Amino acid sequence: MRIVSTLASGTEIVAELGLHDLLVGISHECDHPVELQDRPRVSRPRFDANGLSSREIDEAVRSAMADHGSVYVVDGDLLERLRPDLILAQAMCEVCAVPTGGIEAVIAERQLETRVLSLDAHTIEEILTSIREVGRAAGVEERATDRIETIRRRLDAVRTAVTGAVRTRTLAIEWLDPPFAPGHWVPQMIDIAGGEDLIGDPGHASREVRWDELTGLDPDALIVMPCGYGLEAAKREADTHANRLLSLAPRAIETNQAFVVDASAYLNRSGPRFVKGVEILAGLLHPDRVGAPAPSAARSWRPPARGDSAAG
């Protein structure tokens with residue numbers, strides 16, 4: 001079997017199932033694991049996000065959607081040469097990865113004989129279902145079942161560790177300009193980790209909110225988790241909007257309960273590393289019960305010493 005993955009979580013599922021040798025193509029966004037980075041990339045974004053602010057990225061995404069109906073371009077010539085038997089795609093978010101419809105259009109145009117498996121997880125249980133579906137499609141369903149059971153045991157370990165703890169009222173922000181409340185599986189992750197997500201909507205798409213909607217929440221903890229951003233980029237984004245964040249969560253910041261996280265690796269993707277994200281969140285919200293996360297994954301955040309450069 002020859003597999004092409006057009007989304008990062010799909011590539012990570014393939015790796016989790018030990019199917020490295022079957023993967024012949026990946027998307028532009030696939031960055032884990034390192035041993036799969038030599039695969040040809042079958043997609044590219046319609047704009048270069050390097051150096052753009054979060055506001056500029058948001059505007060570029062909206063413009064691409066309005067003009068083209070998609071943020072990404074699929075390399076049909078390459079896809080035809082790769083001759084995949086199975087393509088992993090998604091229809092959950094047109095911004096996050098190549099949508100299933102775009103892949104199906106290329107397949108129809110090129111008259112390719114290949115199966116498209118759309119991994120459309122909106123909840124933790126659906127992430128686990130996606131792992132099972134890939135395993136079944138690749139003929140390793142038993143292996144997938146084993147991986148799923150391992151993930152469930154890790155989730156249960158976190159639940160047990162935080163049982164009886166006072167739930168941490170948590171303001172998690174998934175984008176800062178404009179601000180977005182987290183959705184899909186992220187509020188569930190916060191819940192398992194012993195937190196109370198103050199604005200998230202589990203099982204539903206992330207949603208844009210106004211800054212004034214967040215005023216007065218006074219959370220116990222603040223977590224800045226910009227979608228698609230690694231740790232250092234998340235910190236820069238928090239620094240840029242420090243005045244806003246300080247006005248929303250002064251107590252959390254004063255008590256060192258404000259954090260930035262590597263959301264791209266551990267929170268945003270509907271792949272197997274989400275369980276590490278739950279463990280990271282628990283370590284931030286209840287460090288007395290769960291080990292603190294590695295500083296490469298999450299760290300405490302405070303506004304820059306000079307806040308005059310921060311957006312207000």
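In the predicted model, five strands form an open sheet with mixed pairing, arranged in the order β11-β7-β14-β15-β16. The edge positions are taken by β11 (195–197) and β16 (298–300); each has a single partner strand, so one side of each is left without a neighbour in the sheet. On average, neighbouring strands of this sheet are turned by 30° against each other, direction ignored.

Helix α9 (residues 231–240) lies across β14 (221–224), β15 and β16, and its direction makes an angle of about 135° with β15. Helix α13 (residues 274–285) lies across β7 (168–173), β11, β14, β15 and β16, running at about 145° to β14.

The chain as a whole contains 13 helices and 16 strands. Its radius of gyration is 20 Å, close to the 20 Å that the globule rule gives for 312 residues, so the chain is as compact as a globular protein of that length. Along the principal axes, the C-alpha atoms fill a box of roughly 60 × 45 × 30 Å. Of the 312 residues, 53% are buried. The accessible surface of the chain comes to about 13600 Å², and carbon and sulfur atoms account for 47% of this area. Among contacts between residues at least 6 apart in sequence, 69% join residues at least 24 apart.

Notes. Residues are numbered from 1 along each chain as its sequence is written. This is a predicted model: local features need pLDDT of at least 70, side-chain atom pairs count only at pLDDT 80 or more; totals for chains, interfaces and linings use all residues. Side-chain values use heavy atoms; hydrogens and water are left out. Two strands pair if DSSP finds at least two bridges between them. Helices (H or I, at least four residues) and strands (E, at least two) are DSSP runs, numbered from the N terminus. Axes are lines fitted to C-alpha atoms, for helices over the stretch in contact, and angles run from 0 to 180 degrees between N-to-C directions. Contact means heavy atoms within 4.5 Å. The radius of gyration is taken over C-alpha atoms; the globule rule is 2.2 Å times the number of residues to the power 0.38. Buried means under 20% relative accessible area, exposed over 50%, partly exposed in between (1.4 Å probe, protein chains only). Accessible areas come from the Shrake-Rupley method with a 1.4 Å probe; for residues, only the protein chains shown count as cover.
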